[in-house]
Amino acid sequence: MPTDLPAYTYAALVAFGGIFGFLRAGSVTSLLTGLAFGAAIYYCAGIVSKNPKDIWAMVGVCLALTLLMAWRFSVTEKFMPAGLVSIISFGMALRYSTRAEL
């Protein structure tokens, strides 16, 4: 079984972003959201690593983060971090949805 290294990296980056947002701006919301999404992505990465065809939980989490961060980008109009995270999250959702067997 291959380990889904990009997914684990993505999970770490999302969690680190939440921690960084808390340390830099004191945003408890960033901390909780980053850690929650990072943990969800980490969990889904384990599922995908065990069964590469079991992608739907990961696609759902990636799309949820895409929508949340796209909304944050529309409110703040600042590319960093919301715009970048929404693009990366959408890319990860596409990465997994191309594996789908409909």
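Trainee: Which residues of α1 meet which in α4?
Mentor: Pro-6, Ala-7 and Tyr-10 of α1 are in contact (heavy atoms within 4.5 Å) with Ile-88, Ser-89, Met-92, Arg-95 and Tyr-96 of α4. This is a predicted model, where local features need pLDDT of at least 70 and side-chain atom pairs 80 or more, while totals for chains, interfaces and linings use all residues. Residues are numbered from 1 along each chain as its sequence is written, and side-chain values use heavy atoms, without hydrogens and water.

Trainee: What about the angle between α1 and α4?
Mentor: Helix α1 (residues 5-25) and helix α4 (residues 79-97) pack at about 155°, with axes 12 Å apart. The two are therefore roughly antiparallel (over 145 degrees). Helices here are DSSP runs of H or I, at least four residues, and axes are lines fitted to C-alpha atoms over the stretch in contact, with angles from 0 to 180 degrees between N-to-C directions.

Trainee: Different topic. How many aromatic pairs are there?
Mentor: The structure holds two, where a pair means ring centres within 6.5 Å. In one of them, the rings of Tyr-8 and Tyr-42 have centres 5.1 Å apart and planes at 65°, so this pair is edge-to-face (over 60 degrees).

Trainee: Where do Tyr-8 and Tyr-42 lie?
Mentor: Tyr-8 is in helix α1 and Tyr-42 in helix α2 (residues 28-50), so the pair ties together parts 34 residues apart in sequence.

Trainee: And is Tyr-42 buried or exposed?
Mentor: Tyr-42 counts as exposed, at 52% relative accessibility. Tyr-8, at 23%, counts as partly exposed. Buried is under 20% relative accessible area, exposed over 50%, and partly exposed in between, with a 1.4 Å probe and protein chains only.

Methods:
Angles under 35 degrees count as roughly parallel, over 145 as roughly antiparallel, 65 to 115 as roughly perpendicular and the rest as oblique. Rings of Phe, Tyr and Trp (its six-membered ring) pair if their centres lie within 6.5 Å; planes under 30 degrees apart count as stacked, over 60 as edge-to-face and the rest as tilted.
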